[in-house]
Amino acid sequence: MDFIMFLLIAISALFIGSVVIAILLGIGESLYEKAYDYFYPRPALSEEEMTEVLNEAAEFVHSKQLPGENGDGFADYLGVSSQMINKRLKGK
């Protein structure tokens with residue numbers, strides 16, 4: 001009886017300890033990301049550049065769609081615009 005009680009307490013302590021460690025790691029990761037973004041800000045495009053890139057993405061997606069195609073053009077637009085923005089940021 002004492003051995004079973006000991007096992008239950010040990011398993012409970014391990015479970016609670018692993019949950020606490022997971023929470024602390026999540027908080028630490030969040031704080032690290034905030035500090036990294038503060039000390040090393042990511043570059044941003046100006047309003048004109050952003051509008052230009054988004055218009056290019058819209059024209060590209062519109063030119064690639066076939067008449068009568070029932071594809072999700074907005075999802076394609078989001079993917080293409082994200083890639084074009086990342087490409088423009090890498091060139092900066």
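Student: Which side chains meet arginine 88 in a salt bridge?

Tutor: Start with the general idea: side chains of opposite charge can pair when their charged atoms come close. Here a salt bridge means a side-chain nitrogen of Lys or Arg within 4 Å of a carboxyl oxygen of Asp or Glu. In this predicted model, arginine 88 pairs with glutamate 52 at 3.6 Å, N to O. Arginine 88 also forms a salt bridge with glutamate 56, with the closest N and O atoms 3.9 Å apart.

Student: Where do arginine 88 and glutamate 52 lie?

Tutor: Helices are DSSP runs of H or I with at least four residues, numbered from the N terminus. Arginine 88 lies in helix H3 (residues 73-91) and glutamate 52 in helix H2 (residues 47-64), so this pair ties together parts that are 36 residues apart in sequence.

Student: Is arginine 42 buried or exposed, and what is its partner?

Tutor: Look at relative accessible area: buried is under 20%, exposed over 50% and partly exposed in between, using a 1.4 Å probe and protein chains only. Arginine 42 is exposed at 65%. Its salt-bridge partner is aspartate 37, with the closest N and O atoms 3.5 Å apart. Aspartate 37 is partly exposed, at 34%.

Student: How many salt bridges are there by this rule?

Tutor: The count comes to three. For reading these values, residues are numbered from 1 along each chain as its sequence is written, and side-chain values use heavy atoms, leaving out hydrogens and water. Local features need pLDDT of at least 70, side-chain atom pairs count only at pLDDT 80 or more, and totals for chains, interfaces and linings use all residues.

Note on methods:
Helices (H or I, at least four residues) and strands (E, at least two) are DSSP runs, numbered from the N terminus.
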